[in-house]
Amino acid sequence: MIKRIVLYTKEQGSFLFLRYLNRLNHFNITMNPLGIYIHIPYCLHKCGYCDFNSHRTDSKEMAPYVDALLSEMSHYAERLKSDHTIQTLFLGGGTPTTLPPHYLKKILHQCRALFDCRPDMEISLEANPATIEPETLPTLHEAGYNRISIGVQSFHEPELKLLDRIHSVEEIHSTVALAREARFDNLSVDLMFALPRQTKTLWGASLRQALEKNPEHLSTYNLTIEPGTAFEKLSANGKLVMPEEDLQLALYRQSIETLKAAGYRHYEISNFAKPGKECRHNITYWQNGETLGLGAGASSYLGGERFKNFNLPSRYIREINHGETAKEFSESLEPERAMGETLMLGMRLLDGLSIPQFESRFDTSFQSVYGETVDSLIEQNLITLQKDWLSLSEKGLFLADSVILEFIPGEKTV
């Protein structure tokens, strides 16, 4: 019987799928829509829980880094412009707003100049409240950025301190106000739960304060102890004690109940949105769509090839200057693994996975490959199969990481 509760990691901001991102395989997408992810690796400070590719801000390196980004962008544009339409652009990190606004404007201008961009392209930017000046957001909105994701994490100063965040609660309020004054009408807020010493009362207060900001989108992530982080060392030494699993589960239930009652649609394990405000870029990942990743450590999936850039910004710059790409490795998957990971991604969405679409992509019978696994999980009331759609049950939602791994060869937990 599955016993583990679901744990969440942040999306490209973040997410369980990032652990498998570089092993995903290809499927055919009509009309060749493409999402572009651009990684800005700089941060003023690396938080203790963070295992993303982030590096201390280096003002002297920023100009060469942006030049390298534009060179890499030009290289792939020659290959993609004729048969791909850009439907989403996402700048993540790191902290993109550590770059001066004129660099962020230049990146967006170059993307539009080089690619066939849809008029309604979703253009997202991650922001840290500690990096926002009064003139920053009006400048970026005027340049064309139309969606902003603010890394709030908590509305309680002690929790922000515990998380190693360098912004204050006051800066959260001022940043959201600046975003609204700059006419951003697609605002996302990131929050973290299951923090050491966190109670349902404290978590409920953070949720209420977030809702008072009336964001179009909220992401709620379970704090996890990732390998190689400062938090891992603290946890190993007994200096960081995580809540019991029952409390983590109760906090997650509280998130769902509170946000759904406020009118938000729970459309992905960790994500909630007002109708029509779901993050289109991340849905591309969860639907196993084609993506181009630019920048240090960015991952791509194009034409059946999965590849990743070098992590270190200085190494990335050297590789681009030498040969226009900075690939550290590339690979394709065996069909069995590709099918399993397509399931893994698709089932993060609350709507689930379409069996007919899956069979069309892989030219195989879903029942013949996964019949026994599906029957077992249905018997345990962990998944449902209705009208050719496979999705997590309510019980399965709270055990999602373990349930989804049942479809990955060599990863079974039952």
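This note sets out points on the fold, the packing and some individual residues of the structure above.

1. Basis of the model. The structure is a predicted model, in which local features need pLDDT of at least 70, side-chain atom pairs count only at pLDDT 80 or more, and totals for chains, interfaces and linings use all residues. Residues are numbered from 1 along each chain as its sequence is written, and side-chain values use heavy atoms, with hydrogens and water left out.

2. Overall form. The chain has 15 helices and 17 strands; helices (H or I, at least four residues) and strands (E, at least two) are DSSP runs, numbered from the N terminus. The C-alpha trace spans about 55 × 50 × 40 Å along its principal axes. Of the 414 residues, 58% are buried. Here buried means under 20% relative accessible area, exposed over 50%, and partly exposed in between, with a 1.4 Å probe and protein chains only.

3. Helices 2 and 3. The axes of helix 2 (residues 101-114) and helix 3 (residues 136-143) come within 10 Å and cross at roughly 10°. Axes are lines fitted to C-alpha atoms, for helices over the stretch in contact, and angles run from 0 to 180 degrees between N-to-C directions. Helix 2 is therefore roughly parallel to helix 3; angles under 35 degrees count as roughly parallel, over 145 as roughly antiparallel, 65 to 115 as roughly perpendicular and the rest as oblique. Helix 2 contributes Pro101, Leu104, Lys105, Leu108 and Arg112 to the contact, and helix 3 contributes Thr136, Thr139, Leu140 and Ala143. Contact means heavy atoms within 4.5 Å. By class, this contact has 5 nonpolar, 2 polar and 2 charged residues. Ala, Val, Leu, Ile, Met, Phe, Trp, Tyr, Cys and Pro count as nonpolar, Asp, Glu, Lys and Arg as charged, and the others, Gly among them, as polar.

4. Helices 12 and 13. Helix 12 (residues 355-362) packs against helix 13 (residues 366-379) at an angle of about 125°, with the axes 11 Å apart. This angle makes helix 12 oblique to helix 13. Ile355, Phe358 and Glu359 of helix 12 meet Phe366, Gln367 and Tyr370 of helix 13. The contact comprises 4 nonpolar, 1 polar and 1 charged residues.

5. An open sheet of 3 strands has the order 15-17-16, with antiparallel pairing. Strand 15 (353-354) and strand 16 (383-386) are the edge strands, each pairing on one side only. Two strands pair if DSSP finds at least two bridges between them. Strand 16 and strand 17 (residues 389-392) are joined by 4 bridges in the antiparallel sense, and Thr384 has Ser391 of strand 17 as its bridge partner. Helix 13 packs on this sheet, where it touches strand 16 and strand 17, and its direction makes about 125° with that of strand 16.

6. A hairpin. Strand 9 (residues 265-268) and strand 10 (residues 271-273) pair in the antiparallel sense over 3 bridges. They form a hairpin with 2 residues between them, and His266 stands opposite Phe272 in strand 10.

7. Two buried residues. Leu80 belongs to helix 1 (residues 59-80) and is buried, with a relative accessible area of 2%. Beyond its neighbours within four places in sequence, Leu80 contacts Leu34, Phe115, Leu292 and Leu302. Leu34 is 46 residues from Leu80 in sequence and 9.2 Å away in space, C-alpha to C-alpha. Asn186 lies in the loop between helix 5 (169-181) and strand 7 (187-193) and is buried at 10% relative accessible area. Not counting residues up to four places away in sequence, Asn186 touches Asn146, Arg147, Ile148, Arg180, Glu216 and Lys277.

8. Backbone points to inspect. Most residues other than glycine have a negative phi, and most peptide bonds are trans. Gly93 and Gly94 are joined by a cis peptide bond, with omega about 20°; Gly94 lies in the loop between strand 4 (85-93) and helix 2. Asp164 has a positive phi, near 70°, and sits in the loop between helix 4 (157-162) and helix 5. Asp164 is partly exposed, at 29% relative accessibility. Ala194 also has a positive phi, near 65°, and lies in the loop between strand 7 and helix 6 (200-212). Ala194 is buried, at 0% relative accessibility.
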